[in-house]
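Subject: Structure handover

Hi,

Here is the structure I promised to pass on. Please open it alongside this email. My notes follow below.

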Amino acid sequence: TGGATFATRLAGLTRIPFAKIDGAPAAWREVTLYTGKLGDLSLWLVDDAPGAAEDGGREEAGDPAWARGFPVWLAAAAGASVLVHASAGVALPTKKPIQPGSLAFVSDHVNLSGRTPLLALGASDLGVLFPDTTELHNHALRAAALRHVLKFGVPGGEAVAACIAGPCLETPAERRFYAAAGADVAVQELQNPLIAAAHAGFAALSIVCVTDSGEGASDVKGIVTRADALAAALEDVLVALAPDIVRIALASGVEER
């Protein structure tokens, strides 16, 4: 999230409305795709939740389940091999809860949403219908990100993410349940880009801006405000990470494009 702001850091910035891309699902047609260079890294940048945050990134009626993963597959078809995803999430009431104001780097996830963008997808040249997710969260990318976050004085650490359905803020009982399932943070609809990335064979780094402690009342406006407060640190980490993304992609035998 917050792609439009980060796009200003790209060299050779180009803006492409999804409405001009053949086959773009209805939910994405008002979203802009940004392309450009960050050092030696060629990248695409997009907000992955169409619509205003207060609307919960609502889906358009009639869009298939795979529509939520559309930008991932579009990038894969163009030759991309790495997904870096940023979102806001709540810290769950674990024995050692993550503090608000931290950046959590996802080491694994639990899909508790009951949803998948692969539903009724059928055969595809971009990947198998039952992808292996054991190596989705790339250790080398995560280790590099953890090294960089220390330089900027922002708390950061590894976390297991609970992918939950939205739009609705969690109840205290739900947060305790997610923690009991082994998660450290909860993020709404995170399963969509992650499962699409696994299907496309991407290496993934998921970063969660932790906005709440998981206890007490919360509201969307406050979540957005606290996420915005972490934006500068998140962008610094992403800029510093660019050479590592190139290095890791090349080391995996993927041609950098």
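How do H2 and H5 lie relative to each other: roughly parallel or roughly perpendicular? Keep in mind that this is a predicted model.

Start with the two helices. H2 covers residues 70–77, and H5 covers residues 191–200. Their axes come within 8 Å and cross at roughly 25 degrees. Angles under 35 degrees count as roughly parallel. H2 and H5 are therefore roughly parallel to each other. The crossing of H2 past H5 is right-handed.

Which residues make the contact? From H2 come Val-72, Trp-73 and Ala-76. H5 supplies Pro-193, Ala-196, Ala-197, His-199 and Ala-200. Sorted by class, the contact of H2 with H5 holds 7 nonpolar residues, 1 polar residue and no charged ones.

Now the strands around E7. E7 spans residues 185–188.

- E4 (residues 82–91) pairs with E7 in the antiparallel sense, over 2 bridges. Here Val-90 has Ala-186 of E7 as its bridge partner.
- E6 (residues 156–164) pairs with E7 in the parallel sense, over 4 bridges. Look for Ala-161, which stands opposite Val-185 in E7.

What do E6, H4 and E7 make? Together with helix H4 (residues 172–180), the strands E6 and E7 make a right-handed β-α-β unit.

Best wishes

Conventions
Residues numbered from 1 in each chain as written. Predicted model: local features only at pLDDT ≥ 70, side-chain atom pairs only at ≥ 80, totals over all residues. Heavy atoms only, no water. Axes fitted to C-alpha atoms, helices over the stretch in contact; angles between N-to-C directions. Parallel < 35°, antiparallel > 145°, perpendicular 65-115°, else oblique. Left-handed = near helix turned anticlockwise from the far one by under 90°. Contact = heavy atoms within 4.5 Å. Nonpolar A, V, L, I, M, F, W, Y, C, P; charged D, E, K, R; others polar. Pairing = 2+ DSSP bridges. Right-handed = clockwise from strand over helix to strand, strands pointing away.
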